[in-house]
Amino acid sequence: MSDSQLQLGEDESYRALQSSWEQVLDALSERVNKPSFESWIRTARPLGMDGGLVRIGTPSRFAKHWLESKHLDAITELLEAQLGPPIRVKIELVEENEPVLLTEKLPRKPAGRTAEDDDVISQPLNSRYVFDNFVVGPNNRLAHACAVSVAESPGKTYNPLFIYGGPGLGKTHLMQAIGHYVLDNHPGTRVLYVSGETFTYHYITALREHRTADFRRKYRNVDIWLVDDIHFLVGKERTEEEFFHTYNAIYDMGKQIVLTSDRAPKDLDLDTRLLSRFECGLVADITPPDLETRMAIIQSKAASENMTLSNEVMLYIARLITSNIRQIEGALIKLHAYASLMRAPVTESLAQEVLGNYFGEVEIAVVDAQKVQQEVAKRFNVDVAAMKGACRSKDIVLPRQVAMYLMRELTNWSLPAIGRVFGGRDHTTVLHACKCIAAKIAADQAFAALIEDLARRIRGGKTC
Ligand code: ADP
Ligand code: MG
(Lines give C-alpha, C1' and ligand atoms only; values in the text may rest on other atoms or scores of the structure.)
(Ligands and ions follow the chains in the order given, each with its own letter.)
Protein backbone atom coordinates (compact mmCIF):
# COMPACT_ATOMS: atom_id res chain seq x y z
CA MET A 1 0.00 0.00 0.00
CA SER A 2 1.49 3.37 -0.93
CA ASP A 3 1.62 6.13 1.67
CA SER A 4 -0.80 8.43 -0.07
CA GLN A 5 -3.42 5.71 -0.33
CA LEU A 6 -3.64 5.57 3.41
CA GLN A 7 -6.65 7.34 4.71
CA LEU A 8 -5.01 9.38 7.42
CA GLY A 9 -7.14 10.90 10.14
CA GLU A 10 -7.91 14.50 9.20
CA ASP A 11 -5.78 16.13 11.87
CA GLU A 12 -2.86 13.81 11.47
CA SER A 13 -3.00 14.00 7.74
CA TYR A 14 -2.98 17.78 7.84
CA ARG A 15 -0.14 17.89 10.30
CA ALA A 16 1.87 15.48 8.16
CA LEU A 17 1.15 17.65 5.15
CA GLN A 18 2.04 20.84 6.99
CA SER A 19 5.32 19.42 8.15
CA SER A 20 6.08 18.05 4.68
CA TRP A 21 5.36 21.48 3.27
CA GLU A 22 7.89 22.98 5.65
CA GLN A 23 10.48 20.56 4.29
CA VAL A 24 9.53 21.56 0.77
CA LEU A 25 10.02 25.20 1.72
CA ASP A 26 13.43 24.43 3.18
CA ALA A 27 14.48 22.63 0.01
CA LEU A 28 13.11 25.28 -2.35
CA SER A 29 14.70 28.10 -0.39
CA GLU A 30 18.03 26.70 -1.47
CA ARG A 31 17.10 26.47 -5.15
CA VAL A 32 15.22 29.69 -5.75
CA ASN A 33 16.62 33.18 -5.36
CA LYS A 34 15.63 34.86 -2.14
CA PRO A 35 13.31 37.65 -3.36
CA SER A 36 11.31 35.24 -5.52
CA PHE A 37 11.22 32.72 -2.74
CA GLU A 38 9.93 35.24 -0.20
CA SER A 39 7.37 36.73 -2.55
CA TRP A 40 5.97 33.75 -4.36
CA ILE A 41 6.73 30.62 -2.43
CA ARG A 42 6.61 31.62 1.20
CA THR A 43 3.17 33.11 0.67
CA ALA A 44 1.80 29.75 -0.50
CA ARG A 45 0.43 27.20 1.94
CA PRO A 46 -1.01 23.72 1.85
CA LEU A 47 -4.80 23.63 1.93
CA GLY A 48 -5.36 19.94 2.26
CA MET A 49 -4.78 16.53 0.87
CA ASP A 50 -7.27 14.11 -0.57
CA GLY A 51 -5.88 10.74 -1.56
CA GLY A 52 -2.83 11.62 -3.62
CA LEU A 53 -4.02 15.12 -4.49
CA VAL A 54 -2.32 17.92 -2.58
CA ARG A 55 -3.86 21.37 -2.87
CA ILE A 56 -1.59 24.35 -2.42
CA GLY A 57 -3.08 27.81 -2.07
CA THR A 58 -1.55 31.11 -3.07
CA PRO A 59 -3.10 34.57 -2.87
CA SER A 60 -1.49 35.82 -6.08
CA ARG A 61 -2.35 35.08 -9.68
CA PHE A 62 1.22 35.69 -10.71
CA ALA A 63 2.54 33.31 -8.07
CA LYS A 64 0.07 30.66 -9.21
CA HIS A 65 1.28 30.93 -12.77
CA TRP A 66 4.92 31.07 -11.75
CA LEU A 67 4.61 28.05 -9.47
CA GLU A 68 2.75 26.06 -12.10
CA SER A 69 5.10 26.82 -14.93
CA LYS A 70 8.39 26.60 -13.09
CA HIS A 71 8.15 24.61 -9.93
CA LEU A 72 5.32 22.15 -10.14
CA ASP A 73 7.61 19.22 -10.86
CA ALA A 74 10.00 20.08 -8.07
CA ILE A 75 7.18 20.54 -5.56
CA THR A 76 5.59 17.27 -6.64
CA GLU A 77 8.87 15.45 -6.35
CA LEU A 78 9.66 16.88 -2.95
CA LEU A 79 6.21 16.09 -1.63
CA GLU A 80 6.49 12.57 -2.99
CA ALA A 81 9.74 12.14 -1.15
CA GLN A 82 7.95 13.12 2.06
CA LEU A 83 4.54 11.58 1.67
CA GLY A 84 5.19 8.75 -0.74
CA PRO A 85 4.24 8.61 -4.44
CA PRO A 86 2.09 9.13 -6.34
CA ILE A 87 1.24 12.74 -5.53
CA ARG A 88 -0.49 15.25 -7.76
CA VAL A 89 -0.23 18.92 -6.90
CA LYS A 90 -2.83 21.51 -7.69
CA ILE A 91 -2.15 25.21 -7.19
CA GLU A 92 -5.24 27.22 -6.29
CA LEU A 93 -5.93 30.89 -5.85
CA VAL A 94 -7.12 31.69 -2.34
CA GLU A 95 -8.15 34.79 -0.47
CA GLU A 96 -5.32 36.18 1.61
CA ASN A 97 -7.05 35.39 4.90
CA GLU A 98 -8.83 32.20 4.03
CA PRO A 99 -8.43 29.86 6.94
CA VAL A 100 -6.61 26.61 6.45
CA LEU A 101 -7.90 23.36 7.90
CA LEU A 102 -6.04 23.40 11.14
CA THR A 103 -4.03 26.29 12.40
CA GLU A 104 -4.31 26.43 16.12
CA LYS A 105 -0.79 25.22 16.77
CA LEU A 106 0.81 27.10 13.95
CA PRO A 107 1.86 30.71 14.18
CA ARG A 108 -0.29 32.53 11.68
CA LYS A 109 0.81 35.10 9.19
CA PRO A 110 -0.45 38.60 9.93
CA ALA A 111 -3.97 38.74 8.70
CA GLY A 112 -4.10 42.39 7.74
CA ARG A 113 -5.94 44.97 9.81
CA THR A 114 -9.44 44.54 11.06
CA ALA A 115 -11.52 46.81 13.24
CA GLU A 116 -10.93 44.83 16.44
CA ASP A 117 -7.26 44.18 16.17
CA ASP A 118 -6.29 47.53 14.78
CA ASP A 119 -3.88 48.11 17.62
CA VAL A 120 -2.41 44.63 17.82
CA ILE A 121 0.62 44.36 15.63
CA SER A 122 2.34 41.49 17.38
CA GLN A 123 2.15 38.08 15.76
CA PRO A 124 0.78 35.45 18.13
CA LEU A 125 3.17 33.30 20.11
CA ASN A 126 3.05 29.55 19.59
CA SER A 127 1.97 28.02 22.89
CA ARG A 128 4.45 25.14 22.53
CA TYR A 129 7.46 27.44 22.32
CA VAL A 130 8.25 27.73 26.03
CA PHE A 131 11.43 27.18 28.02
CA ASP A 132 10.01 24.02 29.60
CA ASN A 133 9.84 22.32 26.20
CA PHE A 134 13.29 23.37 25.12
CA VAL A 135 15.98 20.72 25.40
CA VAL A 136 19.36 22.17 26.28
CA GLY A 137 22.57 20.69 24.89
CA PRO A 138 26.10 21.88 24.17
CA ASN A 139 24.90 23.25 20.82
CA ASN A 140 22.44 25.76 22.28
CA ARG A 141 23.54 26.17 25.89
CA LEU A 142 24.81 29.72 25.56
CA ALA A 143 21.82 30.93 23.55
CA HIS A 144 19.47 29.30 26.05
CA ALA A 145 21.22 30.76 29.10
CA CYS A 146 21.17 34.23 27.59
CA ALA A 147 17.51 33.90 26.63
CA VAL A 148 16.62 32.92 30.20
CA SER A 149 18.61 35.78 31.60
CA VAL A 150 16.95 38.27 29.25
CA ALA A 151 13.52 36.87 30.13
CA GLU A 152 14.25 37.27 33.84
CA SER A 153 15.47 40.83 33.59
CA PRO A 154 14.62 42.41 30.27
CA GLY A 155 16.74 45.38 29.23
CA LYS A 156 19.22 44.74 32.04
CA THR A 157 21.64 42.03 30.97
CA TYR A 158 22.22 41.48 27.27
CA ASN A 159 20.78 44.10 24.99
CA PRO A 160 20.31 43.30 22.23
CA LEU A 161 20.44 39.53 22.34
CA PHE A 162 21.23 38.25 18.88
CA ILE A 163 20.69 34.54 18.19
CA TYR A 164 21.72 32.98 14.92
CA GLY A 165 21.87 29.52 13.37
CA GLY A 166 20.60 27.30 10.56
CA PRO A 167 16.96 26.41 9.89
CA GLY A 168 15.04 24.27 12.35
CA LEU A 169 17.51 24.66 15.21
CA GLY A 170 15.23 26.43 17.68
CA LYS A 171 15.76 30.16 17.18
CA THR A 172 12.07 31.00 16.98
CA HIS A 173 11.34 28.64 19.85
CA LEU A 174 13.84 30.36 22.16
CA MET A 175 12.75 33.82 21.14
CA GLN A 176 9.10 33.11 21.76
CA ALA A 177 9.95 31.43 25.05
CA ILE A 178 11.25 34.80 26.24
CA GLY A 179 7.91 36.35 25.30
CA HIS A 180 5.92 33.67 27.12
CA TYR A 181 8.06 33.88 30.23
CA VAL A 182 7.70 37.63 30.51
CA LEU A 183 3.96 37.55 29.86
CA ASP A 184 3.47 34.78 32.43
CA ASN A 185 5.46 36.56 35.11
CA HIS A 186 4.58 40.17 34.33
CA PRO A 187 1.26 40.05 32.54
CA GLY A 188 1.10 43.76 31.67
CA THR A 189 4.35 43.76 29.72
CA ARG A 190 4.04 44.88 26.12
CA VAL A 191 5.72 42.13 24.11
CA LEU A 192 5.95 42.68 20.37
CA TYR A 193 6.92 39.64 18.33
CA VAL A 194 7.33 40.11 14.59
CA SER A 195 9.27 38.44 11.86
CA GLY A 196 11.42 40.55 9.55
CA GLU A 197 8.89 39.69 6.89
CA THR A 198 5.97 41.02 8.91
CA PHE A 199 7.86 44.16 9.84
CA THR A 200 8.45 44.77 6.12
CA TYR A 201 4.83 44.09 5.37
CA HIS A 202 3.63 46.50 8.08
CA TYR A 203 5.98 49.21 6.93
CA ILE A 204 5.11 48.92 3.26
CA THR A 205 1.41 48.93 4.09
CA ALA A 206 1.87 51.98 6.30
CA LEU A 207 3.72 53.78 3.52
CA ARG A 208 1.08 52.92 0.99
CA GLU A 209 -1.72 54.05 3.25
CA HIS A 210 0.12 57.13 4.51
CA ARG A 211 0.04 55.85 8.05
CA THR A 212 3.71 55.92 8.97
CA ALA A 213 3.07 58.04 12.07
CA ASP A 214 0.68 55.38 13.28
CA PHE A 215 3.18 52.67 12.40
CA ARG A 216 5.87 54.43 14.47
CA ARG A 217 3.57 55.00 17.42
CA LYS A 218 2.70 51.31 17.57
CA TYR A 219 6.22 50.06 17.08
CA ARG A 220 7.68 52.32 19.73
CA ASN A 221 5.11 51.54 22.36
CA VAL A 222 6.71 48.27 23.51
CA ASP A 223 8.71 46.84 26.41
CA ILE A 224 10.24 43.90 24.60
CA TRP A 225 10.78 43.74 20.90
CA LEU A 226 11.36 40.30 19.42
CA VAL A 227 12.34 40.38 15.76
CA ASP A 228 12.61 36.99 14.13
CA ASP A 229 14.59 36.30 10.95
CA ILE A 230 15.98 39.77 10.42
CA HIS A 231 17.98 38.51 7.43
CA PHE A 232 14.75 39.14 5.58
CA LEU A 233 15.61 42.86 5.63
CA VAL A 234 18.72 42.38 3.52
CA GLY A 235 18.36 44.22 0.24
CA LYS A 236 15.29 46.20 1.33
CA GLU A 237 16.81 49.60 1.82
CA ARG A 238 13.85 51.67 2.90
CA THR A 239 12.59 49.07 5.32
CA GLU A 240 16.07 48.68 6.71
CA GLU A 241 16.30 52.43 7.27
CA GLU A 242 12.99 52.42 9.11
CA PHE A 243 14.11 49.41 11.10
CA PHE A 244 17.23 51.31 12.13
CA HIS A 245 15.16 54.21 13.49
CA THR A 246 12.73 51.90 15.25
CA TYR A 247 15.64 50.00 16.74
CA ASN A 248 17.27 53.16 18.08
CA ALA A 249 14.04 54.50 19.51
CA ILE A 250 13.31 51.28 21.39
CA TYR A 251 16.88 50.80 22.53
CA ASP A 252 17.21 54.39 23.74
CA MET A 253 14.18 53.89 25.97
CA GLY A 254 16.11 51.07 27.67
CA LYS A 255 13.76 48.43 26.32
CA GLN A 256 14.88 44.90 25.50
CA ILE A 257 15.52 43.86 21.91
CA VAL A 258 16.01 40.26 20.78
CA LEU A 259 16.91 39.37 17.21
CA THR A 260 17.34 36.14 15.29
CA SER A 261 18.96 35.51 11.96
CA ASP A 262 20.23 32.66 9.84
CA ARG A 263 23.71 34.24 9.87
CA ALA A 264 26.08 36.03 12.22
CA PRO A 265 25.87 39.84 12.16
CA LYS A 266 29.17 40.11 10.32
CA ASP A 267 27.79 38.00 7.49
CA LEU A 268 24.60 40.00 7.10
CA ASP A 269 24.65 42.44 4.26
CA LEU A 270 23.09 45.27 6.26
CA ASP A 271 24.14 48.82 7.08
CA THR A 272 27.28 48.78 9.21
CA ARG A 273 25.64 51.19 11.69
CA LEU A 274 23.05 48.53 12.36
CA LEU A 275 25.57 45.71 12.57
CA SER A 276 27.69 47.55 15.09
CA ARG A 277 24.60 48.00 17.24
CA PHE A 278 23.85 44.28 17.06
CA GLU A 279 27.37 43.52 18.15
CA CYS A 280 27.07 45.77 21.20
CA GLY A 281 24.96 43.19 22.91
CA LEU A 282 25.42 39.47 23.09
CA VAL A 283 25.70 37.34 19.98
CA ALA A 284 25.03 33.61 20.49
CA ASP A 285 24.83 30.93 17.88
CA ILE A 286 22.94 27.64 17.83
CA THR A 287 24.67 24.78 16.03
CA PRO A 288 23.23 21.39 15.06
CA PRO A 289 22.66 19.18 18.10
CA ASP A 290 24.91 16.21 18.82
CA LEU A 291 23.55 12.69 19.08
CA GLU A 292 22.83 12.82 22.83
CA THR A 293 20.91 16.06 22.45
CA ARG A 294 18.97 14.74 19.47
CA MET A 295 18.05 11.68 21.55
CA ALA A 296 16.87 13.90 24.39
CA ILE A 297 14.81 15.98 21.98
CA ILE A 298 13.21 12.90 20.44
CA GLN A 299 12.44 11.55 23.87
CA SER A 300 10.81 14.77 24.94
CA LYS A 301 8.77 15.16 21.75
CA ALA A 302 7.65 11.53 21.89
CA ALA A 303 6.54 11.95 25.50
CA SER A 304 4.53 15.03 24.67
CA GLU A 305 2.78 13.12 21.87
CA ASN A 306 2.20 10.13 24.17
CA MET A 307 4.31 7.94 21.96
CA THR A 308 6.36 5.10 23.33
CA LEU A 309 9.52 4.59 21.41
CA SER A 310 12.21 2.05 22.05
CA ASN A 311 15.80 3.15 22.38
CA GLU A 312 16.60 1.55 19.01
CA VAL A 313 13.92 3.53 17.23
CA MET A 314 15.07 6.76 18.84
CA LEU A 315 18.65 6.04 17.87
CA TYR A 316 17.55 5.26 14.33
CA ILE A 317 15.84 8.64 14.00
CA ALA A 318 18.66 10.49 15.74
CA ARG A 319 21.17 9.06 13.31
CA LEU A 320 18.96 9.62 10.30
CA ILE A 321 18.22 13.29 10.88
CA THR A 322 21.15 15.23 12.13
CA SER A 323 20.77 18.90 11.48
CA ASN A 324 17.18 20.09 11.63
CA ILE A 325 14.82 19.57 14.54
CA ARG A 326 11.81 20.50 12.46
CA GLN A 327 12.60 17.44 10.36
CA ILE A 328 12.83 15.31 13.48
CA GLU A 329 9.37 16.50 14.47
CA GLY A 330 8.08 15.77 10.98
CA ALA A 331 9.47 12.26 11.18
CA LEU A 332 7.83 11.63 14.57
CA ILE A 333 4.46 12.89 13.39
CA LYS A 334 4.67 10.69 10.35
CA LEU A 335 5.67 7.64 12.35
CA HIS A 336 2.91 8.29 14.84
CA ALA A 337 0.33 8.60 12.09
CA TYR A 338 1.42 5.34 10.47
CA ALA A 339 1.62 3.37 13.64
CA SER A 340 -1.82 4.45 14.78
CA LEU A 341 -3.37 3.79 11.38
CA MET A 342 -1.85 0.39 11.10
CA ARG A 343 -2.38 -0.26 14.79
CA ALA A 344 1.18 -1.45 14.84
CA PRO A 345 3.86 -0.78 17.43
CA VAL A 346 6.64 1.51 16.32
CA THR A 347 9.49 -0.87 15.69
CA GLU A 348 12.81 -0.13 14.09
CA SER A 349 11.72 -1.87 10.91
CA LEU A 350 8.54 0.23 10.71
CA ALA A 351 10.66 3.34 11.24
CA GLN A 352 12.96 2.23 8.45
CA GLU A 353 10.07 1.56 6.14
CA VAL A 354 8.34 4.85 6.82
CA LEU A 355 11.32 7.15 7.19
CA GLY A 356 13.98 5.55 5.03
CA ASN A 357 12.02 6.72 2.04
CA TYR A 358 11.12 10.01 3.58
CA PHE A 359 14.70 11.06 4.03
CA GLY A 360 15.82 9.13 0.99
CA GLU A 361 18.73 11.39 0.27
CA VAL A 362 20.30 10.67 3.66
CA GLU A 363 22.28 7.50 3.42
CA ILE A 364 22.67 5.74 6.67
CA ALA A 365 25.26 3.30 5.75
CA VAL A 366 26.19 0.72 8.28
CA VAL A 367 29.46 2.14 9.34
CA ASP A 368 32.33 -0.06 10.15
CA ALA A 369 33.91 0.82 13.48
CA GLN A 370 37.37 0.05 12.19
CA LYS A 371 36.90 2.47 9.35
CA VAL A 372 36.16 5.21 11.85
CA GLN A 373 39.42 4.59 13.64
CA GLN A 374 41.39 4.44 10.40
CA GLU A 375 39.95 7.59 8.88
CA VAL A 376 40.42 9.58 12.07
CA ALA A 377 43.99 8.33 12.48
CA LYS A 378 44.73 9.29 8.88
CA ARG A 379 43.27 12.77 9.24
CA PHE A 380 45.20 13.51 12.43
CA ASN A 381 48.28 11.76 11.21
CA VAL A 382 48.58 9.34 14.12
CA ASP A 383 48.68 5.55 14.43
CA VAL A 384 45.52 3.59 15.17
CA ALA A 385 47.58 1.64 17.67
CA ALA A 386 48.49 4.84 19.49
CA MET A 387 44.84 5.85 19.70
CA LYS A 388 44.05 2.50 21.29
CA GLY A 389 47.03 2.70 23.61
CA ALA A 390 47.59 4.43 26.92
CA CYS A 391 49.32 7.58 25.68
CA ARG A 392 47.85 10.77 27.11
CA SER A 393 49.67 13.35 25.04
CA LYS A 394 47.40 15.99 23.52
CA ASP A 395 48.22 14.90 19.97
CA ILE A 396 46.76 11.49 20.67
CA VAL A 397 43.95 12.37 23.07
CA LEU A 398 42.13 14.60 20.60
CA PRO A 399 41.97 12.09 17.73
CA ARG A 400 41.06 9.37 20.21
CA GLN A 401 38.15 11.44 21.47
CA VAL A 402 37.09 12.33 17.93
CA ALA A 403 37.07 8.68 16.94
CA MET A 404 34.99 7.78 20.00
CA TYR A 405 32.57 10.59 19.22
CA LEU A 406 32.20 9.56 15.57
CA MET A 407 31.75 5.95 16.49
CA ARG A 408 28.94 6.94 18.78
CA GLU A 409 27.40 9.15 16.10
CA LEU A 410 27.77 6.83 13.15
CA THR A 411 27.60 3.29 14.38
CA ASN A 412 25.22 1.48 16.64
CA TRP A 413 27.92 0.51 19.06
CA SER A 414 27.18 1.00 22.73
CA LEU A 415 29.42 3.10 24.98
CA PRO A 416 31.02 0.04 26.67
CA ALA A 417 31.63 -1.57 23.26
CA ILE A 418 33.36 1.56 22.02
CA GLY A 419 35.45 1.65 25.19
CA ARG A 420 36.56 -1.93 24.55
CA VAL A 421 38.01 -1.20 21.10
CA PHE A 422 39.97 1.66 22.55
CA GLY A 423 42.16 -0.51 24.70
CA GLY A 424 39.47 -1.50 27.18
CA ARG A 425 38.52 1.97 28.39
CA ASP A 426 35.55 2.51 30.63
CA HIS A 427 32.21 3.66 29.17
CA THR A 428 32.36 6.85 31.25
CA THR A 429 35.58 7.76 29.44
CA VAL A 430 33.78 7.37 26.13
CA LEU A 431 30.88 9.48 27.34
CA HIS A 432 33.29 12.14 28.54
CA ALA A 433 35.01 12.13 25.14
CA CYS A 434 31.67 12.54 23.35
CA LYS A 435 30.79 15.50 25.55
CA CYS A 436 34.16 17.19 25.04
CA ILE A 437 33.95 16.85 21.28
CA ALA A 438 30.34 18.02 21.17
CA ALA A 439 31.32 21.11 23.17
CA LYS A 440 34.26 21.77 20.87
CA ILE A 441 32.02 21.44 17.82
CA ALA A 442 29.58 23.90 19.30
CA ALA A 443 32.33 26.40 20.09
CA ASP A 444 34.51 26.18 17.01
CA GLN A 445 33.15 26.33 13.48
CA ALA A 446 36.34 25.17 11.83
CA PHE A 447 36.46 22.15 14.07
CA ALA A 448 32.79 21.43 13.34
CA ALA A 449 33.54 21.51 9.62
CA LEU A 450 36.41 19.12 10.08
CA ILE A 451 34.23 16.65 11.95
CA GLU A 452 31.51 16.92 9.37
CA ASP A 453 33.95 16.24 6.59
CA LEU A 454 35.35 13.26 8.43
CA ALA A 455 31.86 11.90 9.00
CA ARG A 456 31.10 12.24 5.30
CA ARG A 457 34.27 10.41 4.38
CA ILE A 458 33.51 7.61 6.80
CA ARG A 459 29.97 7.28 5.53
CA GLY A 460 31.48 6.98 2.06
CA GLY A 461 29.65 10.01 0.76
CA LYS A 462 31.13 12.91 -1.10
CA THR A 463 33.94 14.84 0.51
CA CYS A 464 34.79 18.47 0.34
P1 ADP B 1 14.31 28.01 13.69
O2 ADP B 1 13.56 29.23 14.09
O3 ADP B 1 15.73 28.02 14.16
O4 ADP B 1 14.20 27.68 12.24
P5 ADP B 1 12.34 26.69 15.33
O6 ADP B 1 12.50 27.46 16.58
O7 ADP B 1 11.17 27.01 14.49
O8 ADP B 1 13.67 26.78 14.44
O9 ADP B 1 12.40 25.14 15.68
C10 ADP B 1 11.90 24.14 14.80
C11 ADP B 1 11.16 23.11 15.61
O12 ADP B 1 12.06 22.39 16.40
C13 ADP B 1 10.16 23.75 16.57
O14 ADP B 1 8.98 23.01 16.59
C15 ADP B 1 10.85 23.70 17.90
O16 ADP B 1 9.94 23.55 18.97
C17 ADP B 1 11.74 22.50 17.78
N18 ADP B 1 12.99 22.66 18.53
C19 ADP B 1 14.10 23.30 18.13
N20 ADP B 1 15.06 23.24 19.06
C21 ADP B 1 14.55 22.54 20.09
C22 ADP B 1 15.07 22.13 21.36
N23 ADP B 1 16.32 22.42 21.75
N24 ADP B 1 14.26 21.43 22.17
C25 ADP B 1 13.02 21.12 21.77
N26 ADP B 1 12.47 21.46 20.59
C27 ADP B 1 13.22 22.16 19.75
MG1 MG C 1 12.45 30.55 12.90
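Colleague: Which residues line the second largest cavity?
Modeller: In this predicted model, the lining of the second largest cavity consists of Asp 290, Leu 291, Glu 292, Tyr 405, Arg 408, Glu 409 and Cys 434.

Colleague: What volume does the second largest cavity have?
Modeller: Its volume is about 40 Å³. The count of cavities of 30 Å³ or more comes to two.

Colleague: Turning to the sheet with E1, E2 and E3: in what order do the strands stand?
Modeller: The order is E1-E2-E3, in an open sheet with mixed pairing. Strand E1 (45-50) and strand E3 (88-93) are at the edges with a single partner strand each, so one side of each has no neighbour in the sheet. On average, neighbouring strands are turned by 25° against each other, direction ignored.

Colleague: Is the pairing of E2 and E3 parallel or antiparallel?
Modeller: Strand E2 (residues 53-58) pairs with E3 in the parallel sense, over six bridges. Ile 56 stands opposite Ile 91 in E3.

Colleague: Another topic: where does Asp 267 lie?
Modeller: Asp 267 is in the loop between strand E7 (256-261) and helix H9 (272-280). Its relative accessibility is 44%, so Asp 267 counts as partly exposed.

Colleague: Which side chain does Asp 267 contact?
Modeller: The side chains of Asp 267 and Lys 266 are joined by a polar contact of 3.4 Å.

Terms used:
Residues are numbered from 1 along each chain as its sequence is written. Chains are lettered from A and ligands numbered from 1 in the order in which they are written. This is a predicted model: local features need pLDDT of at least 70, side-chain atom pairs count only at pLDDT 80 or more; totals for chains, interfaces and linings use all residues. Side-chain values use heavy atoms; hydrogens and water are left out. Two strands pair if DSSP finds at least two bridges between them. Helices (H or I, at least four residues) and strands (E, at least two) are DSSP runs, numbered from the N terminus. Axes are lines fitted to C-alpha atoms, for helices over the stretch in contact, and angles run from 0 to 180 degrees between N-to-C directions. Buried means under 20% relative accessible area, exposed over 50%, partly exposed in between (1.4 Å probe, protein chains only). A polar contact is a pair of N or O atoms within 3.5 Å; within protein, one must be able to donate a hydrogen and the other to accept it, and residues adjacent in sequence count only if both atoms are side-chain atoms. On a 1 Å grid over the protein atoms alone, a cavity is a set of points where a 1.4 Å probe fits but cannot get out, and a pocket is an open set with protein on both sides within 12 Å along at least five of seven lines; lining residues have an atom within 4 Å of a point. Grid points are joined across faces, edges and corners, and a volume is the space filled by probe spheres set on the points.
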